[in-house]
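The following note collects numbered remarks for a colleague who is about to examine a model. Please read the points alongside the display.

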Amino acid sequence: MPELPEVEGVVRQIRPAALGKKIRDVYVSETIRLSKTNGKEAIIKRMEADRFIESLIGAQIVSVERRSKYIYFTLKTAGNEFLLVNHLGMSGAWFYVDQLLSIAEEKFRRHVHVVLTLSDGNLLAYSDIRRFGEMRVLKEEAEFPPLLLMAPEPFEKGALTHFLEMAESPKYKAKPIKEVIMDGQVISGCGNIYATEALFKMKIHPNRAAGRISRLRKIELFETIVAILLESIEAGGSTISDYRNVNGESGNMQNRFGMYGKKHCLTCGTATKTLKIGGRASVYCPTCQK
């Protein structure tokens, strides 16, 4: 699943391509239309496909920002601003191309479900192989309350204080630290990949209760997470299977992993073990991580 660095990379490439342009036309795939008929609501949430199209046509793209793992398109039409909020899910990807055939990989071309034709004639195409991504047209964030519960951005002043307060609260202190740092209400944008890497760097067992880690170690862990997220942004994110940036390129952070996906610890050579924590497979070194 794309995490904060991957989404940040997408936003940084969409922004110069789309900013200030108007949406001239919108395409929604038949697959998504049928999902509406069957009551499954794939990708486009709480809005019929035709209404989604009608909402976007003629709108100008005022800004493109990232909030945690979400992409916020601020759009303006008839003087009124509103949001198109997108979560990439497991396999969502945006491509900025002159035609769909310009998307290099066939697996992405086959699963294009939303296409925005911009005023310069180019396309902003959303492909989602597994269709776990989401798009919502909102007048404001409050129309989708989970957005209001997200933790501060990890790079912002106050994010560390928020993390400590949450991790030491009755709700979280008995939970495994891996589950805590993957919770978007505690830290924004840190998922399974970067949580695994941070805990390995800190030599902390992923199943250790948050309340059994000293405040100093929690501060160091938070700082490690921030450093890893920034390193991954610089490396173009991680491509495990389906992540691509807007130009169809893979990230490079996976080449720097110390633990995620490893069969043996790169530090001591011990065979790694896997636990299920917070519904996700957690790889760790039984020798180094205590």
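Which contact joins the side chains of K21 and D120? The first point gives the answer, after a note on conventions.

This is a predicted model, in which local features need pLDDT of at least 70 and side-chain atom pairs count only at pLDDT 80 or more, while totals for chains, interfaces and linings use all residues. Residues are numbered from 1 along each chain as its sequence is written, and side-chain values use heavy atoms, with hydrogens and water left out.

1. A polar contact of 2.5 Å joins the side chains of K21 and D120 (a polar contact is a pair of N or O atoms within 3.5 Å; within protein, one must be able to donate a hydrogen and the other to accept it, and residues adjacent in sequence count only if both atoms are side-chain atoms). The K21 side chain also reaches the backbone oxygen of A17, at 2.5 Å.

2. K21 is placed in the loop between α1 (4–18) and β1 (23–28) (helices, H or I, of at least four residues and strands, E, of at least two are DSSP runs, numbered from the N terminus). K21 has a relative accessible area of 18% and is therefore buried (under 20%; exposed is over 50%, partly exposed in between, with a 1.4 Å probe and protein chains only). Beyond its neighbours within four places in sequence, K21 is in contact (heavy atoms within 4.5 Å) with residues including A59, I61, Y96 and L118.

3. S91 belongs to the loop between β5 (80–87) and β6 (92–97), and its relative accessibility of 1% makes it buried. The S91 side chain reaches the backbone nitrogen of R130 at 2.9 Å, and one of its polar atoms lies 3.3 Å from the backbone nitrogen of I129.

4. M135 sits in strand β9 (residues 134–138) and counts as buried, because its relative accessibility is 1%. With neighbours within four places in sequence left aside, the contacts of M135 include I43, F52, L84, W94 and Y126. The C-alpha atoms of M135 and R12 are separated by 19 Å, the two residues being 123 apart along the chain.

5. The structure holds one cavity of 30 Å³ or more (on a 1 Å grid over the protein atoms alone, a set of points where a 1.4 Å probe fits but cannot get out; lining residues have an atom within 4 Å of a point; points are joined across faces, edges and corners, and the volume is the space filled by probe spheres set on them). Among its lining residues are K178, F200, P206 and Y284. α7 gives the most to this lining, with four residues.

Technical notes:
On a 1 Å grid over the protein atoms alone, a cavity is a set of points where a 1.4 Å probe fits but cannot get out, and a pocket is an open set with protein on both sides within 12 Å along at least five of seven lines; lining residues have an atom within 4 Å of a point.
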